[in-house]
Amino acid sequence: MACLYYAANAQLLLGHYDLGWHLAAGDLIRERGSIPFQDPWAFTLGDKQWINLSWLWDAIASVVYQYTGFGGIAILVVACGAIIVGCLTWITLGSGASAPAVCTAVLAASVFYPAFATPPNIYLAASPNTSTMLLSVVFYASCLRKTRYLLPLLMILWANLHGGFVMGLLIIGLFGGVALLRRDWVSFRYLGFTGVACLAATLVNPLGWHIYVGVIETLGHFVQAYITEWRPYFENFQVPGSIAGLAYILIFVALELRNGRSVSVPLEARLFSWLFLGLGFYEYRYMSFFYLFSTIPLALHFDLILPKRLKVLAAEGYLFTSGIVVLCALPLVFMLKAPALTFSDDLISDQDAAYFKANLSHARVLNHWNVGGPLIARAHGAVPVFIDGRAATAYPDSLLRDYFRLATWNIDESAWAEVLEKYEIDAVLWPTAHDVLRRFLVDKRGWKEQYVGMHETLYAKP
């Protein structure tokens with residue numbers, strides 16, 4: 001049922017703004033046979049080294065896209081979601097909860113953690129972050145069920161897929177801390193050796209120790225204050241889309257406060273749930289991990305309150321039968337969605353891209369942050385970009401500070417004038433809805449609306 005839900009939202013899986021530059025990076029890696037350390041698409045890099053923490057994911061996505069198109073990428077994402085559901089079901093059944101309680105808790109978590117209600121902040125999508133969601137659950141399940149011998153090998157893969165590999169070290173560290181509190185010296189030593197092996201495994205990558213430079217340039221960087229997924233939960237809350245997820249949180253808190261002592265929840269599961277609930281309110285992206293890690297406590301709570309008749313139905317095989325029916329519907333739903341799977345036209349359409357390639361190949365274009373990735377993908381490097389979602393891993397801090405002086409609704413006219421002159425900008429590509437900027441450029445500075453697309457407007461210097 002979770003995969004049916006993901007397939008029904010297949011177009012949203014492809015809606016990540018950075019998908020474009022990831023595919024272009026994968027093409028570049030395969031073409032050169034090596035990882036580029038200097039960006040070929042932007043004119044604002046200076047001598048900044050590009051640290052691509054997701055090079056392996058980019059290369060894999062490039063291959064999948066070449067041979068299967070967007071449908072293959074969507075299937076890959078849904079398959080990752082299926083593995084996550086399988087791992088959650090495995091560990092939740094192992095906690096002793098009944099099948100109906102497990103189904104309820106796991107399905108609820110699987111529906112809410114992708115956060116389809118708050119695009120583009122979607123955590124099961126065609127982006128390297130999906131590998132972090134998947135491997136976080138695998139590491140959590142392996143530590144919980146004490147099958148940790150494969151974790152160093154998986155860490156090698158993770159460190160080359162996405163910078164979120166530090167989450168794996170955190171998971172092992174928290175399990176080690178609980179073992180220390182329990183004075184379980186055998187588990188503590190085993191987790192210690194596993195953690196050291198995983199730390200060493202992170203260095204098995206083409207970037208070497210510079211991989212941690214890339215992580216530092218992502219975590220704790222001032223750019224986070226301007227990216228919505230790093231902002232607090234309630235700054236991302238949308239009505240009515242987020243109400244169901246909030247209800248899940250309130251149910252979890254209420255059951256924990258009411259039945260916490262009467263339900264035997266593993267300490268690690270309870271610790272992870274509350275830790276990431278707090279982190280999720282502080283920074284929105286962590287709320288997805290709360291949904292994933294809270295399945296065991298919720299399933300055990302549900303086991304106390306679900307009617308006994310449901311447990312009898314499960315024992316008689318009704319859940320299995322309904323699962324087979326849903327499984328048969330899955331390919332049909334995907335076939336209906338497949339023809340519409342392509343790059344989102346929410347920012348740049350094919351028509352827009354064709355115009356830009358024909359008219360901006362030698363121009364210095366100041367583009368909006370969200371447009372950078374799609375512009376790289378659709379123009380194939382023919383239009384040099386000012387900035388995109390790679391942020392501090394590709395662009396110098398001075399440029400980022402200059403850009404974010406411009407990224408406000410009520411514009412700072414002196415800041416715009418300074419940046420336009422400093423970078424010798426020929427054209428500005430900005431959301432059409434930003435009427436304040438249009439009045440400044442057209443009415444006050446004499447610029448021309450050279451091209452007006454459905455979502456973006458190109459302003460040309462006179």
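At what angle do helix 5 and helix 14 pack, and how far apart are their axes? The first view shows this pair, in a predicted model where local features need pLDDT of at least 70, side-chain atom pairs count only at pLDDT 80 or more, and totals for chains, interfaces and linings use all residues. Residues are numbered from 1 along each chain as its sequence is written, and side-chain values use heavy atoms, without hydrogens and water.

**View 1. Packing of helix 5 on helix 14.** Helix 5 (residues 99-112) and helix 14 (residues 295-305) pack at about 140°, with axes 8 Å apart (axes are lines fitted to C-alpha atoms over the stretch in contact; angles run from 0 to 180 degrees between N-to-C directions). The contact (heavy atoms within 4.5 Å) involves Ala101, Val102, Thr104, Ala105, Val106 and Ala109 of helix 5 and Thr295, Leu298, Ala299, Phe302 and Asp303 of helix 14.

View 2. His22 counts as buried because its relative accessibility is 5% (buried: under 20% relative accessible area, 1.4 Å probe, protein chains only). Leaving out residues up to four places away in sequence, His22 touches Ser54, Trp57, Asp58 and Pro128.

**View 3. Buried residues of helix 19.** In helix 19 (residues 397-404), Leu399, Leu400, Asp402, Tyr403 and Phe404 are buried. Their cover includes strand 1 (365-367), helix 18 (369-379), helix 20 (413-422) and strand 2 (427-431) (helices, H or I, have at least four residues and strands, E, at least two, as DSSP runs numbered from the N terminus).

How values were computed. Buried < 20%, exposed > 50% of the residue type's maximum accessible area, 1.4 Å probe, protein only.
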